Amino acid sequence: MRKILVVGAGQSGLQLALGLQSHGYEVTLMSNRTADEIRSGRVMSTQCMFHTALQHERDLQLNFWESQAPKIEGVGISVAAPGSHDPGPTQRVIDWLGRLDGFAQSVDQRVKMAGWMETFAQRGGQLVIHGAAVSDLDYFSRTYDLVLVSAGKGELVQMFARDPERSPYSEPQRALAVSYVHGLGPRPEHPDTEAVRCNLVPGVGELFIMPTLTTSGRADILFWEGIPGGPLDVFNGVKDPAEHLSLTLGLMETFTPWEYARATKVELTDAGGVLSGRYAPTVRNPIGRLPGGGLVLGVADVVVANDPITGQGSNSASKCAAAYLAAILERGEKEFDEEWMRATFDRYWDTARHVTKWTNAMLAPPPEHVLNLIGAAGQIQPVADRFVNAFDDPADLENYFYEPAKTEAYLAGAVGA
């Protein structure tokens, strides 16, 4: 029986560990926190998973919360009028809702990771609660057939060198601030539709709102992405959760009053329901070299960390775990050597490159043809639907999003139809 070590108990690490376990591999999982510590701790993310990523969980029968979590049927795009956040009412120049082909869902990672970790242990997996250092991996690499690193922060990430050709940004492009709340009202335009709402405020940043399942039941996530140094970049150093929520709501009242109107009665889900920070989007070399000569393979965020502006983090983690699982199963009893590691990452990168390209494009001011596309989606429902389904499959954007000529040709055909 082949022995595999997975370091890190997030979406990708746990999905991979449970998948390998179900195929009879002897799996050890290292986590720096227990399931109870995760469940009672601070929120970790703003996960919204679309159809393909959810299907990977279903394939492994890990969709434990599917019947409880809100079924997200669409994605709405609103764009504030340039400069309309000056004193006076803020206007929306664009406002529409696209329908997803398959529903999306968000499950608070405190709920999911704790539940999956307990399932892994109940099924006989070896769970080690210990923060791993490079020196630990040096030892473990001699006792395991394969070591996978899916812990996306800290000392271990430094083993994986930044790939400058695939990493155009060296600094964070957004300041991030998250609040999990109860008591948010529906959007009056679509009161019966569960949807992710993307509110774009030109020159300022973005507000995302998404339904989720948290430790205390159904909730909503309020998520600001602010351009560094701008009016949304005010959360650094804020420790009090109530102050964090108050800042969030004040910014909504100023920049997205149509969203603030349904948020006047919200309250935090719990004291751990806020999060803030920033990081530079980075693609890294997938192979880490240990002092003793051993090799480890980086997983998901460790090797491809995108800004959350396109909501791809947990989706990419799920897709990476699925690609790696398939590659490991296909390898059989052969050695997991450097050539195999690189080929395994390349298999994932074939999907991830589309995410990175789209995310980096969305961090920059949108060119005219993209504004035309988003505007046209408000008039032509099939354009809106196709665009929002790119959240599930960003590869489709190559056909109509990046090049003005392709966008014009697509819109001309859509108008004709």
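Author: Angles under 35 degrees count as roughly parallel. The model discussed here is a predicted one.

Reader: What makes helices α1 and α4 roughly parallel to each other?

Author: Helix α1 (residues 11-22) and helix α4 (residues 109-122) pack at an angle of about 25°, with their axes 10 Å apart. Because that angle falls under 35 degrees, α1 and α4 are roughly parallel to each other. In α1, Gln11, Leu14, Gln15, Ala17, Leu18 and Gln21 meet residues of α4 that include Trp116 and Phe120, and by class this contact has seven nonpolar, five polar and one charged residues. The crossing of α1 past α4 is left-handed.

Reader: Why is valine 93 called exposed?

Author: Exposed requires a relative accessible area over 50%, and valine 93 has 52%, so valine 93 is exposed. Valine 93 lies in strand β4 (residues 92-104), and, leaving aside its neighbours within four places in sequence, valine 93 is in contact with Val79, Ala80 and Ala81.

Reader: How do you know that threonine 212 counts as buried?

Author: Buried means under 20% relative accessible area; threonine 212 is at 0% relative accessibility and therefore counts as buried. Threonine 212 belongs to strand β9 (residues 205-214).

Reader: What makes the 2.8 Å pairing of the side chains of threonine 212 and serine 106 a polar contact?

Author: A polar contact needs a pair of N or O atoms within 3.5 Å, one able to donate a hydrogen and the other to accept it, and the side chains of threonine 212 and serine 106 are joined by such a contact of 2.8 Å.

Key:
Residues are numbered from 1 along each chain as its sequence is written. This is a predicted model: local features need pLDDT of at least 70, side-chain atom pairs count only at pLDDT 80 or more; totals for chains, interfaces and linings use all residues. Side-chain values use heavy atoms; hydrogens and water are left out. Helices (H or I, at least four residues) and strands (E, at least two) are DSSP runs, numbered from the N terminus. Buried means under 20% relative accessible area, exposed over 50%, partly exposed in between (1.4 Å probe, protein chains only). Contact means heavy atoms within 4.5 Å. Axes are lines fitted to C-alpha atoms, for helices over the stretch in contact, and angles run from 0 to 180 degrees between N-to-C directions. Angles under 35 degrees count as roughly parallel, over 145 as roughly antiparallel, 65 to 115 as roughly perpendicular and the rest as oblique. A crossing is left-handed if the near helix is turned anticlockwise from the far one by less than a right angle, and right-handed if clockwise. Ala, Val, Leu, Ile, Met, Phe, Trp, Tyr, Cys and Pro count as nonpolar, Asp, Glu, Lys and Arg as charged, and the others, Gly among them, as polar.
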